[in-house]
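Trainee: Could we walk through this structure together, one question at a time?
Mentor: Gladly, let's have a look.

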Amino acid sequence: MAEQLEAELILEREQISARLKQYTISQNWTLLEMESGMNNTTRRIKADSKEYMLRIYNNHREPSIVAVEHKLLHALHALTEPIAGIVTDKAAGSSKKDVTQLYVPYPVVGLNGQTCMVATDGSLFALYHYIQGTRPNPEYLPHIAELGYAAGKLSRQLAQLDIACAPVYDPYWKLQESYSELTGSKLDEILHSSPEIKARAPKWHTLQAHIQSIASVCNQAAELPQQWIHGDIVCNNTLVQEDRIIAVLDFEFAAIDARAMEPAVIIADLLGGVLPEKEKLEAVSVFMKAFLSKTNLETDELMLMPDLVKLRLLDVFLHVVTRYDSKLSSCELLCKIIDDTVSNIHYIETSEAFQQIFQ
């Protein structure tokens, strides 16, 4: 076992080395400890006195997706009101972060002049300047407020962008089009693919009914103000320093969508979190107050918010269904998503206190 582990570590170092050789950074590098993402492999690299984050994309091998992500990041760095970047302390000759800024990843240009690179096995990877920080605590209200401030500020900044590229991903309001392959017969087949899933048939059919009835909400969402959104600002995609969120990460799923979907996605995540029901309601209220202190939403956007949260929940459900059908997600995960989605949609529809937050 020890020999196998050692062989795997040697192989990983060789693979990392082959990727890093495509950059001008020092090849005298070391690996530092860091959390890896759920969707992609990430490694923290120290080369001489500088630190980087190597990201290997596991979800896809489509350079166009990374190209859109990097165009967004470069556009955010170029704004008059800086939202990101490394602040260089020339006197000390080192890099430091200005905690008044909200940072986003900044890709390093490779020897070929590109920021999206292709490994010999065909996988995509990119190198980013490393941003120091830790993940916020989703049970800590001050961090949830910070999530609101960061999301509101980023939403305001993204509204200013006019970049010459089309998003790869569809907006949430194209839900039924995005999952058109999940026909009634296909969903029935998946329902009967496992005793555990089949036991949830009433909940499954409830979710099917919600998917059909959400069409009117999608039509309304399409008429709301549209702009670039991050689309996945959750605690795992942010960094905190000294109780303050200083960075938003992972723009892989950015799209042009109803701008109100940005907070809706975060609220859906808060409802699915570990907090008890009373604390969840307080968390949503704290988040929305902070978000609206940094940017504005119109009355019709706020009034539709509960339905937009449902739209996000249904999208996640269908996403996991697709992954399960492709053998990329477990039956256990799909069963949990079924239970949680039904429970959270019921809460949204029946909780007057929740609905009043947006009135």
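Mentor: One term before we start: a contact means heavy atoms within 4.5 Å. Keep in mind, too, that this is a predicted model.

Trainee: Is helix 7 parallel or oblique to helix 13?
Mentor: Helix 7 (residues 201–213) packs with helix 13 (residues 331–350) at an angle of about 55°, and their axes are 10 Å apart. That angle makes helix 7, relative to helix 13, oblique.

Trainee: Is their crossing left-handed or right-handed, and which residues of helix 7 make the contact?
Mentor: The crossing of helix 7 and helix 13 is left-handed. Helix 13 brings Leu-334, Ile-338, Asp-339, Thr-341, Val-342, Ile-345 and Glu-349 to the contact. The residues of this contact divide into six nonpolar, two polar and three charged. From helix 7 come Lys-203, Trp-204, Leu-207 and His-210.

Trainee: Which helices do the buried residues of helix 13 pack against?
Mentor: The buried residues of helix 13 include Leu-334, Ile-338, Thr-341, Val-342 and Ile-345. The partners of the buried set are helix 6, helix 7, helix 9, helix 10, helix 12 and helix 14.

Trainee: How many residues of helix 12 are buried?
Mentor: Helix 12 reaches 30 Å from its first C-alpha to its last, close to the 30 Å expected at 1.5 Å a residue. This helix is largely enclosed by the rest of the structure, because the buried residues number 15 of the 21.

Trainee: Which residue takes a positive phi just after helix 12?
Mentor: Look just after helix 12 for a phi of about 65°. The residue with that positive value is Lys-327.

Trainee: Is Glu-51 buried or partly exposed?
Mentor: Glu-51 lies in strand 3 (residues 50–57). Leaving aside neighbours within four places in sequence, its contacts include Arg-44, Lys-46 and His-129. Buried would need under 20% relative accessible area. At 22% relative accessibility, Glu-51 counts as partly exposed.

Conventions: Residues numbered from 1 in each chain as written. Predicted model: local features only at pLDDT ≥ 70, side-chain atom pairs only at ≥ 80, totals over all residues. Heavy atoms only, no water. Axes fitted to C-alpha atoms, helices over the stretch in contact; angles between N-to-C directions. Helix = DSSP H or I, 4+ residues; strand = E, 2+ residues; numbered from the N terminus. Parallel < 35°, antiparallel > 145°, perpendicular 65-115°, else oblique. Left-handed = near helix turned anticlockwise from the far one by under 90°. Nonpolar A, V, L, I, M, F, W, Y, C, P; charged D, E, K, R; others polar. Buried < 20%, exposed > 50% of the residue type's maximum accessible area, 1.4 Å probe, protein only. Expected span 1.5 Å × (residues − 1).
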